[in-house]
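Hi everyone, thanks for coming. Please take a look at the sequence and the model on the screen, and then I'll walk you through them.

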Amino acid sequence: HQRIYISGVGASHPKKCVLNEDLPLHLNTSDEWIQQRTGIKQRYIIDEGEDIVSIASEALLKALKMAGINPLDLDAIILATTTPAMRMPSTASLIQNIIGNYRCTAFDIQVACAGFVTAIQIAYGFIFSGQFSKIAVIGADLMSKIIDWNDRSTCVLFGDGAGAIIIENKMEAELVYNAQNLMNNIDIDNFSKNSFYEKNLTVDYTNYNINSLNNKIISFNSEKVQDLNEKKYLFDSSGNIPQSGNIIDLVSYSHADLKDILYANCDGFITMKGINVFKHAVQELTFISRLLVKRNNLDISDISWVIPHQANKRILDAIASNLDISIDKFVITVNKYANTSAASIPMALDFLYHNGDSFYKRLSSGDLIIMLGVGSGMIFNGILLRW
Ligand code: ACO
């Protein structure tokens with residue numbers, strides 16, 4: 001296998017938090033019903049001054065910052081979404097405009113809640129073929145725009161959010177290492193971006209000012225180099241690139257005969273046969289987990305983390321029970337964000353990586369992870385990776 005790395009992770013959600021108790025009275029629902037059936041306690045909903053481009057760009061910039069990558073060095077932006085800002089151009093193009101990169105490619109894919117895993121699979125193919133070496137994969141959805149706020153059986157389930165990762169190949173990681181060595185020897189105070197580039201390095205250690213997003217300008221502050229330390233996870237203690245962090249295996253298939261159990265017409269709202277979605281999600285995601293483990297000669301107990309699409313806590317409980325592994329290995333954010341569709345997996349990965357201390361043991365280098373996607377189609381997919 002090639003060494004294809006996830007080198008940065010970021011997430012973002014709207015400011016406005018809607019608790020179960022805050023849902024409109026006419027819905028005739030209750031915090032107790034929602035929590036018991038779904039595990040959801042709250043969700044974030046888009047408000048004035050926010051849109052899919054602003055939250056997705058913020059998630060992307062956080063991921064770029066963690067990866068230590070200049071936005072201008074991205075080769076591609078792939079956005080998974082079912083709720084684009086407009087029919088065209090793609091929302092990925094609008095994000096590309098925000099980050100000011102006019103040489104990369106940018107496009108959206110629409111695979112409903114399974115979109116993020118599909119987007120990783122596309123990025124993997126691009127990198128594997130040698131065509132691209134640094135790709136931003138974003139999952140972002142504003143589900144609040146396509147739910148009927150009078151339908152209590154669907155509207156309580158969803159929220160808005162965005163998550164992003166950066167995927168790179170090994171060769172680039174080696175360049176980062178060389179760059180890091182170089183950085184150790186140069187005078188940071190007199191650091192100049194141009195002179196750094198003259199050395200033919202593609203990596204620029206800069207700080208992105210996320211607050212300047214409103215002005216549609218990203219300011220580069222080359223004085224701050226704390227991010228250098230964050231890069232160390234790419235290397236083991238002897239400074240070598242570890243055998244970890246790479247995407248190992250991918251699986252995806254669709255049951256088009258299940259198209260009627262979860263859909264939204266172009267100008268309509270989500271319609272769902274909840275119990276059917278529930279059953280198929282449990283069955284297929286259990287199968288995919290077993291397949292990924294078996295065909296890589298692993299045991300299910302080797303898996304440190306499962307990062308599933310966050311539709312419903314009870315679906316996750318059922319998969320954990322089928323696989324006979326502890327639910328504590330499942331990263332669960334559905335309680336905080338509800339179902340954010342294509343954004344749910346990167347938001348959960350971000351939670352594990354950045355906020356994990358309080359509840360989860362922090363993700364460690366070498367951990368085996370399974371990501372599981374499921375969405376309208378129905379499509380089911382999964383990825384095995386070593387962090
Ligand atoms: N508040 C109170 N009562 C409600 C609500 C609500 N928000 N929603 C439905 N009910 C009522 C129903 O009207 C029904 O009442 P009735 O018996 O008088 O007709 C009763 O609760 C039971 O409804 P069910 O649909 O049978 O409840 P169920 O136990 O199946 O739970 C749920 C519904 C939570 C949707 C469940 O089927 C489920 O989790 N399905 C998975 C689907 C899912 O999570 N989809 C997310 C999108 S899909 C994706 O991301 C891939």
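This is a predicted model: local features need pLDDT of at least 70, side-chain atom pairs count only at pLDDT 80 or more; totals for chains, interfaces and linings use all residues.

Residues are numbered from 1 along each chain as its sequence is written.

With those classes in hand, how is the shell around the ligand made up by class? The shell has twelve nonpolar, eight polar and two charged residues. In total, 22 residues surround the ligand, and the closest are T29, G274, F278, A311 and N312. Here a residue is near a molecule or strand if its C-beta atom, placed from the backbone, lies within 6 Å of it. At least two residues of this shell come from each of α1 (31–38), α5 (152–155), α9 (274–294) and β14 (368–375). Those labels are DSSP runs numbered from the N terminus: helices are H or I with at least four residues, and strands are E with at least two.

Now the whole chain. The protein chain has twelve helices and 15 strands. Of its 387 residues, 46% are buried, where buried means that 20 or more other C-beta atoms lie within 10 Å of the residue's own, exposed means 12 or fewer, and partly exposed is in between, with C-beta atoms placed from the backbone.

Let's turn to the five-stranded sheet. Its order is β1-β7-β6-β4-β5, and it is open with mixed pairing. Two strands pair if DSSP finds at least two bridges between them. The edge strands are β1 (4–12) and β5, each pairing on one side only. From one strand to the next, the twist averages 15°; axes are lines fitted to C-alpha atoms, for helices over the stretch in contact, and angles run from 0 to 180 degrees between N-to-C directions.

Which residues of β6 point each way? K134, A136, I138, A140 and L142 point one way and I135, V137, G139 and D141 the other, and all are buried. With nine of nine residues buried, β6 (residues 134–142) is therefore largely enclosed by the rest of the structure. On the parallel side, β6 pairs with β4 (residues 76–80) over five bridges, and I77 has A136 as its bridge partner. With β7 (residues 160–169), β6 pairs in the antiparallel sense over nine bridges, and there I138 stands opposite A164. Helix α4 lies across β1, β4, β5, β6 and β7, running at about 165° to β6.

What about the nonpolar core? By that I mean a set of buried Ala, Val, Leu, Ile, Met, Phe, Trp, Tyr and Cys residues joined through C-beta atoms within 7 Å. The largest one has 107 residues, and A56, L60, A63, V137, I138 and I167 touch the most other members. Helix α2 (residues 52–67) gives this core its largest share, eleven residues.

Next, please find A114, in the loop between β5 (105–109) and α4 (115–128). Is A114 buried or exposed? A114 counts as buried because it has 26 C-beta neighbours inside 10 Å. Although A114 and S341 are 227 residues apart in sequence, they are 7.6 Å apart in space, C-alpha to C-alpha. Leaving aside neighbours within four places in sequence, the contacts of A114 include G373, V374 and F380; two residues are in contact if their C-beta atoms, placed from the backbone, lie within 7 Å.

Last stop: the four-stranded sheet. This open sheet has the order β10-β15-β14-β13, again with mixed pairing. Its edge strands, β10 (247–254) and β13 (305–308), each pair on one side only. The twist here averages 10° from one strand to the next. β13 and β14 run parallel and are joined by four bridges, with W305 opposite I369 in β14. Helix α12 packs on this sheet, touching β13 and β14, and its direction makes about 145° with that of β13. Ten of the eleven residues of α12 (residues 344–354) are buried, so this helix is largely enclosed by the rest of the structure. Among those buried residues are I345, M347, L349 and F351.

Terms used:
Ala, Val, Leu, Ile, Met, Phe, Trp, Tyr, Cys and Pro count as nonpolar, Asp, Glu, Lys and Arg as charged, and the others, Gly among them, as polar.
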